[in-house]
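Please set out how this model is built. Begin with strand pairing, then cover the overall fold and the RNA contacts.

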Amino acid sequence: MRLSRYFLPVLKEAPSDAQIVSHQLMLRAGMIRQEAAGIYAWLPLGLRVLKKIEQIVREEMDRAGAIELLMPTLQLADLWRESGRYDAYGPEMLRITDRHERELLYGPTNEEMITEIFRGSVRSYRDLPKNLYHVQWKFRDETRPRFGVMRGREFLMKDAYSFDLDAEGARKAYNRMFVAYLNLFGRMGLKAVPMRADTGPIGGDLSHEFIVLAETGESAVFCHKDLVEMPAPGPDVDWYGDLQPLVNKRTALYAATEEMHDEAAFNALPEGDRLSARGIEVGHIFSFGTKYSEPMKAVVTGPDGKDVPVQMGSYGVGVSRLLGAIIEASHDEAGIIWPESVAPFHVGIVNMRQGDAACDAACETAYAALKAAGKDVLYDDTDARGGAKFATMDLIGLPWQLVVGPKGIAEGVVEIKNRKTGERHTASLDSVLEGLTESKTA
RNA sequence: CGGAGCGUAGCGCAGUCUGGUAGCGCGCCUGGUUUGGGACCAGGAUGUCGCAGGUUCAAAUCCUGCCGCUCCGACCA
């Protein structure tokens, strides 16, 4: 993408409404624009990152055996009356009436609808297990939206729903999501710690929140410090085998959110192992048995010929919130530092002297070569000064900056800078391009 | 929803107390000089001062109502 043709409205100063660094940086980097309290338009740069995150989530869901579909944002009130949640959910649910005076709601979550879809098509235990998910916009009419996309009213969520014949199957489904979540957050460069959590209005008795530690986190959390650095299991696990040991390795160590915190158990840890911090909830998984399948009559015929309500679980990832969480975890004074896996562009080309024939030619060569190699590249072909160009590149946090200037060109070299480490090297354009096109696209 | 605060140019702000017809920095436009980490000079454009009433000769400024946004708390992916 040529910057001169792109839409990247960067700001030098942060709007005063933005309080936390991720919100400020998203506004300054031209990623989002606020339209109302807790409601944001996604500008081109922000949308690129959103889609990359969404895609990682999708790939890890698919790997763990979940199947994607797409449910609508609007739902009929009657569906929620079946589970009893239409009245129970309260004012956080945005209720709408159509021209026929039919009561609708803008979905805050989809347990009812997926249960309705499931019961309409599945009759036999032979069709189990199943895990269906979608990535869709949700609306929760928060009393107090804040911190930009971290607590918006409209937000993008991945929600998966598992269906099993019995408790043992449900536990396996839960474990698959547990491991998938470790992997998916790991791929985004996040250290997300699973913690015992309250189940809230979703219900059920088994639940973990995945928490990214950050000073600006909304919840107080307590855990064993070893959990923070524990690496993700990776993709090569036996998804339909026994994942319990992998899960146990994490759940054996103390980790709880404020609501589930057990001061005595925490204090039993050696003092050096205790970590008391603040965290951002980026995922939440639940196993809730027959809470929905029973009242909504989602039953399958078991091997014994008798109908039983299916065992269910639900698994959410706050996709739009992850942008904020990643920035909170990865930035410096100059701006965002994107992990390569979610960066909006892999490399930015900085033409120090737009209009200089040699510089322009070298940049065009680099631009074409990188695009041909399948790299997302942002070419700053504007006539802004070098300093301003560097500031923009640093702000939007691209992993690599390829600097082409007249001094270097005269000596036959260009500069390549790593945003994260700040390291700069000069080398011939060819060898720099070779390095960039070979480098891993995590 | 309880408490607090803020709405003036694209962004950051001053002006409001003490009423006199709107300003600063950045950004933007034009021309020129520049050019290796947010340049300089000269010129220029941009506002229903959140909205609606009221008081007054006169309202960004005072009064009333409404709307929007933010922060603390309670609640939540």
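S5 pairs with strand S6 (residues 103-106) in the antiparallel sense, over 4 bridges. Within this pairing, Leu94 has Tyr106 of S6 as its bridge partner. Strands here are DSSP runs of E of at least two residues, helices are runs of H or I of at least four residues, and both are numbered from the N terminus. Two strands count as paired if DSSP finds at least two bridges between them.

The pair belongs to an open sheet of 3 strands, ordered S4-S6-S5, with antiparallel pairing. Strand S4 (74-76) and strand S5 (94-97) form the edges, and each pairs on one side only. Neighbouring strands of this sheet are turned by 35° against each other on average, direction ignored. Axes are lines fitted to C-alpha atoms, for helices over the stretch in contact, and angles run from 0 to 180 degrees between N-to-C directions.

## Basis of the model

The model is predicted: local features need pLDDT of at least 70, side-chain atom pairs count only at pLDDT 80 or more, and totals for chains, interfaces and linings use all residues. Residues are numbered from 1 along each chain as its sequence is written, chains are lettered from A and ligands numbered from 1 in the order in which they are written, and side-chain values use heavy atoms, with hydrogens and water left out.

## Overall fold

Chain A has 14 helices and 23 strands. Its radius of gyration is 24 Å, close to the 22 Å that the globule rule gives for 442 residues, so chain A is as compact as a globular protein of that length. The radius is taken over C-alpha atoms, and the rule is 2.2 Å times the number of residues to the power 0.38. Along its principal axes, the C-alpha trace of chain A spans about 80 × 60 × 40 Å.

Of the 442 residues of chain A, 53% count as buried. Buried means under 20% relative accessible area, exposed over 50%, and partly exposed in between (1.4 Å probe, protein chains only). Helix H10 (residues 319-329) is mostly covered, with 10 of its 11 residues buried. Among them are Arg321 and Glu328, along with Leu322, Leu323, Ile326 and Ile327.

## A five-stranded sheet

Another open sheet has 5 strands in the order S20-S19-S21-S22-S23, with mixed pairing. Its edges are strand S20 (377-380) and strand S23 (424-427), each pairing on one side only. Neighbouring strands of this sheet are turned by 20° against each other on average, direction ignored.

S22 and S23 pair in the antiparallel sense over 4 bridges. Here Lys417 stands opposite Arg424 in S23.

## The RNA surface

RNA strand B is surrounded by 40 residues. A residue is near the strand if one of its heavy atoms lies within 4 Å of it. The closest are Arg144, Arg151, Glu281, Asp394 and Gly408. By class, this surface has 13 nonpolar, 8 polar and 19 charged residues. Ala, Val, Leu, Ile, Met, Phe, Trp, Tyr, Cys and Pro count as nonpolar, Asp, Glu, Lys and Arg as charged, and the others, Gly among them, as polar. Of the RNA atoms within 4 Å of the protein, 48% belong to sugar or phosphate and the rest to bases.

Polar contacts are pairs of N or O atoms within 3.5 Å; within protein, one must be able to donate a hydrogen and the other to accept it, and residues adjacent in sequence count only if both atoms are side-chain atoms. An N or O atom in the side chain of Arg385 is 2.6 Å from a base oxygen of RNA strand B. A polar backbone atom of Lys407 is 2.8 Å from a base oxygen. The elements giving two or more residues to this surface are strand S1 (32-36), helix H12 (386-396), helix H13 (406-411) and strand S22 (414-418). H12 gives the largest share, 5 residues.
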